[in-house]
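Work through the exercises below with the sequence and the model open. Each task is followed by a solution in steps.

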Amino acid sequence: SIMRDHQLFKNYAEMIHTYLELGFMRDYQKGRKAVVFASTKEMCTRLSEYFRKVYPHLDIRRYVAEDPYSNLNDPDIRFTTVLSGGTAHDIPNLTAAFLTIAIDSIQANVQIFGRLREIEGFTPRFYFFSCLDIPKHMKYHKAKVETLSSRGISFTSVPYNRSL
């Protein structure tokens, strides 16, 4: 439904933009990387196209099953699905990960969170999105907090106060 409604997609992309600015761009240094996990191949395509216009000075790519592996490792920001980029990949200098979809699987959440590695002199950041108006999202949110807060250095809730 997000992709079918032009304004809704734009609002959704702007929400992601807000958190990319907060969690990646505000202290961006060349060589640092971010990953954004989206729901589908089509969403990854649309978001990568959108953010190439927002950040024309950065290397932004989509990585899904048929894309070259370099699309996962090389860009500054990559948009991928959980199945394509969420497990068994070590992205060098990954400093920020953004999970834009509600996932209930503890294993998947831990694996996505685990894409981040310690970087000397920098604390990587993991952001996950939850909709406060959807009961299942809140159930998944609570499970993530319980599972992931003990695995990280700190945990902070950062609300998004605009309506999509």
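**Exercise 1.** What covers the buried residues of α5?

*Solution.* The model is predicted: local features need pLDDT of at least 70 and side-chain atom pairs count only at pLDDT 80 or more, while totals for chains, interfaces and linings use all residues. Residues are numbered from 1 along each chain as its sequence is written, and side-chain values use heavy atoms, with hydrogens and water left out.

Step 1. Locate the helix. Helices (H or I, at least four residues) and strands (E, at least two) are DSSP runs, numbered from the N terminus. Helix α5 spans residues 106-113, and its buried residues are Ala108, Asn109, Ile112 and Phe113. Buried means under 20% relative accessible area, exposed over 50%, and partly exposed in between, with a 1.4 Å probe and protein chains only.

Step 2. Look down the axis of α5. The buried residues fall within an arc of 130 degrees, so they line one face of the helix; the arc is that of the directions from the helix axis to the C-beta atoms. An α-helix has 3.6 residues a turn, so residues three or four places apart point the same way.

Step 3. List the cover. It includes the strands β1 (33-38), β4 (94-99) and β5 (125-128), together with the helices α4 (82-85) and α6 (135-148). Contact means heavy atoms within 4.5 Å.

**Exercise 2.** Is Ile16 buried or exposed, and which residues does Ile16 touch?

*Solution.* Step 1. Ile16 belongs to helix α1 (residues 6-23). Its relative accessibility is 0%, so Ile16 counts as buried.

Step 2. Not counting residues up to four places away in sequence, Ile16 touches Val36, Leu47, Phe51, Thr100 and Phe129.

**Exercise 3.** Describe the aromatic pair of Phe9 and Tyr50.

*Solution.* Step 1. Rings of Phe, Tyr and Trp (its six-membered ring) pair if their centres lie within 6.5 Å; planes under 30 degrees apart count as stacked, over 60 as edge-to-face and the rest as tilted. The structure holds ten aromatic pairs.

Step 2. Phe9 and Tyr50 are 6.1 Å apart centre to centre with 85 degrees between the planes, an edge-to-face pair. The pair links distant parts of the chain, 41 residues apart: Phe9 in helix α1 and Tyr50 in helix α2 (residues 41-54).

Step 3. Check burial. Phe9 has a relative accessible area of 5% and is buried; Tyr50, with 18%, is buried too.

Step 4. Widen the view. Phe9 and Tyr50 belong to one aromatic cluster with Phe51, Tyr55 and Phe79. Arg46 lies over the face of Phe9, at 4.0 Å from the ring centre. A charge sits over a ring if NZ of Lys or CZ of Arg is within 6 Å of the ring centre and within 35 degrees of the ring normal.

**Exercise 4.** Which strands are joined to β3 by bridges, and how many residues of β3 are buried?

*Solution.* Step 1. Two strands pair if DSSP finds at least two bridges between them. Five bridges join β1 to β3, running parallel, and Val36 has Phe79 as its bridge partner in β3.

Step 2. Strand β2 (residues 60-63) is joined to β3 by four bridges, again parallel. Here the bridge partner of Arg61 is Arg78.

Step 3. In β3 (residues 77-81), five of its five residues are buried. Ile77, Phe79 and Thr81 lie on one side and Arg78 and Thr80 on the other, and both faces are covered.
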